Amino acid sequence: MPRYGIALALAVSVTFVLLWGMQTLITGGKDALTEPPRGNVLDFIRLKKEETVQKKERKPQKPPKPQTPPPPMQQPQMQQANPNADAISTAFTADVSADTGLAGGLSLDSGDGDYLPIVKVAPIYPRRAQSRGIEGYVIVEFTVTTNGSVRDPKVVEAQPADIFNRAAVDAALKFKYKPRVVDGSAVEVAGVQNKITFQIDG
């Protein structure tokens with residue numbers, strides 16, 4: 001019991017001291033606010049000068065004259081669709097010579113006339129012979145029909161033998177002729193021979 005009494009007395013005394021100290025601070029502060037300021041106080045006011053804005057007009061400067069005149073403009077040249085239209089040359093690996101066996105000669109009259117070659121197809125060079133560098137020729141004999149096609153081609157002579165025969169016969173079957181005309185009618189021509197030369201370009 002005496003402990004509780006001592007603690008209560010200390011609490012009351014501490015509270016009283018705190019309240020008295022706060023009251024003293026408050027009363028002292030009022031006097032500090034009412035005291036006039038000591039010394040002279042100068043207020044500085046900085047005045048800005050009136051600024052005058054000057055407007056400058058900028059004129060575009062002329063570009064300097066070039067020392068050397070520009071080169072003249074060249075007109076673009078139009079490319080032709082086929083510049084080599086006048087001289088078209090086609091290289092074949094095999095040459096087809098003219099026909100032999102023109103017994104009746106050639107006639108360019110509108111009526112009767114002998115057969116004339118229209119289309120000569122170059123043969124296909126055999127790969128086996130081309131890879132080995134083999135060259136030669138074949139003479140093929142055939143019949144020109146009434147419609148200008150080739151019939152019954154056969155090999156008459158070949159050098160070297162049995163290497164270019166098939167290629168020569170296949171090419172001869174693609175030949176086209178103007179048929180021979182006798183008395184206004186087309187007739188067949190047998191025994192027409194053609195020499196096909198196989199030569200590697202280079």
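Modeller: One definition before we start. Helices (H or I, at least four residues) and strands (E, at least two) are DSSP runs, numbered from the N terminus. Along the sequence, the pattern here reads α-β-β-α-β-β-α-β-β-β-β.

Biologist: How many helices and strands does the chain have?

Modeller: There are three helices and eight strands.

Biologist: And what should I know about the model itself?

Modeller: This is a predicted model: local features need pLDDT of at least 70, side-chain atom pairs count only at pLDDT 80 or more, and totals for chains, interfaces and linings use all residues. Residues are numbered from 1 along each chain as its sequence is written, and side-chain values use heavy atoms, with hydrogens and water left out.

Biologist: What share of the residues is buried?

Modeller: Buried residues make up 20% of the 202 in the chain. Buried means under 20% relative accessible area, exposed means over 50%, and partly exposed is in between (1.4 Å probe, protein chains only).

Biologist: New topic. How many salt bridges are there?

Modeller: Four. A salt bridge is a side-chain nitrogen of Lys or Arg within 4 Å of a carboxyl oxygen of Asp or Glu. One of them joins D114 and R180, with the closest N and O atoms 2.6 Å apart.

Biologist: Where do those two sit in the chain?

Modeller: D114 is in the loop between strand 1 (94–100) and strand 2 (116–119). R180 is in strand 6 (residues 180–182). They are 66 residues apart, so the pair links distant parts of the chain.

Biologist: Are D114 and R180 buried or exposed?

Modeller: Both are buried.

Biologist: Which residues are linked in a network of salt bridges?

Modeller: R151, D152 and E188. R151 meets D152 at 3.4 Å, N to O. R151 also pairs with E188, where the closest N and O atoms are 2.9 Å apart. R151 lies in strand 4 (residues 150–159) and E188 in the loop between strand 7 (185–187) and strand 8 (189–198), so this pair ties together parts 37 residues apart in sequence.

Biologist: What about the relative accessible area of D152?

Modeller: D152 is exposed, at 53%. R151 is partly exposed, at 34%. E188 is partly exposed too, at 39%.
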